[in-house]
Amino acid sequence: MSKLRPMKPGPISAKPLSLLLDHVFAEAYAKQGFAARELVTRWAQIAGPEIAAHAEPLKMQWPRPVEGQPQEPATLVLRVEGPMALEIQHSADVILERVNRFFGWSAVGKLAFRQAPLSRARRPARPGPPDPKSVAKVAESLGDIEDEELKTALARLGAAIKRN
């Protein structure tokens, strides 16, 4: 009779969340006419930071195919912030060129604009380090902490919390 040994667990293979949810996102993007979600996820790289700061792709509208005729290019619908709509409209040729270069073929023939606030939340600027005087004041109130690195870190944390 053989001895029974406890089984060791195998290696854990963590998968990125994007791979696990790939099919969910693919369906959502397909409903908006996007064959590839990279147009949305890499918009700032494709359009450039100046354009991406004020416009974002909303959907692609593909015309119905006519039997025996080549597929007509799509219309890319962009959501544009109100005050910048005219400026973005003047950049339409540049946007079309960049998008079609990304696809590698003339996938988009024209642009349509919808004036509305952009859907993404703007990230607030990260605050700088706390004032050294505030850090010193908090450090005095900490009492006896033997580890100087820990005391300094706690003082910086306390000063940052008080600042906010």
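Start with Glu-56 and Arg-79: their side chains meet in a salt bridge, 2.9 Å from N to O. By salt bridge I mean a side-chain nitrogen of Lys or Arg within 4 Å of a carboxyl oxygen of Asp or Glu. Glu-56 sits in strand β1, residues 55-61, and Arg-79 in strand β2, residues 74-80, so the pair ties together parts that are 23 residues apart in sequence. Helices here are DSSP runs of H or I with at least four residues, strands are runs of E with at least two, and both are numbered from the N terminus. Glu-56 and Arg-79 are both buried. Buried means under 20% relative accessible area, exposed means over 50%, and partly exposed is in between, with a 1.4 Å probe and protein chains only.

A word on the model. It is a predicted one, where local features need pLDDT of at least 70 and side-chain atom pairs count only at pLDDT 80 or more, while totals for chains, interfaces and linings use all residues. Residues are numbered from 1 along each chain as its sequence is written, and side-chain values use heavy atoms, with hydrogens and water left out.

How many salt bridges are there in the whole structure? The search finds two. Arg-101 is exposed, at 57% relative accessible area.

Staying in helix α7, we also find Leu-96 there. Is Leu-96 buried or exposed? Its relative accessibility is 16%, so Leu-96 counts as buried. Leaving out residues up to four places away in sequence, Leu-96 touches Val-108, Gly-109, Lys-110 and Leu-111; contact here means heavy atoms within 4.5 Å.

Gly-109 belongs to strand β3, residues 108-115, and is partly exposed at 43%. With the same exclusion of residues up to four places away in sequence, Gly-109 touches Pro-73, Ala-74 and Leu-96. Gly-109 and Pro-73 are 36 residues apart in sequence, yet 4.9 Å apart in space, C-alpha to C-alpha.

Now helix α9, residues 148-163. Lys-151, in this helix, is buried yet has no salt bridge. Where is the nearest side chain of opposite charge? That is Glu-148, 5.0 Å away. For charge, Lys and Arg count as positive and Asp and Glu as negative; His and the chain ends are not counted. The Lys-151 side chain does reach the backbone oxygen of Gly-143, at 3.4 Å. Residues touched by Lys-151, beyond four places in sequence, are Ala-139, Leu-142, Gly-143 and Ile-145.

Leu-150 is also in helix α9, partly exposed at 42%. Together with Leu-154, Leu-157 and Ile-161, Leu-150 makes a nonpolar surface patch of about 360 Å².

Finally, the overall picture. The protein has nine helices and three strands, in the order α-α-α-α-α-β-β-α-α-β-α-α. Of its 164 residues, 26% are buried. Among contacts with a separation of 6 or more, 57% join residues 24 or more positions apart.

Terms used. Patches are made of residues with over 30% relative accessible area and no salt bridge: like charges are joined within 9 Å, nonpolar side chains (Val, Leu, Ile, Met, Phe, Trp, Tyr) within 5 Å. Accessible areas come from the Shrake-Rupley method with a 1.4 Å probe; for residues, only the protein chains shown count as cover. A polar contact is a pair of N or O atoms within 3.5 Å; within protein, one must be able to donate a hydrogen and the other to accept it, and residues adjacent in sequence count only if both atoms are side-chain atoms.
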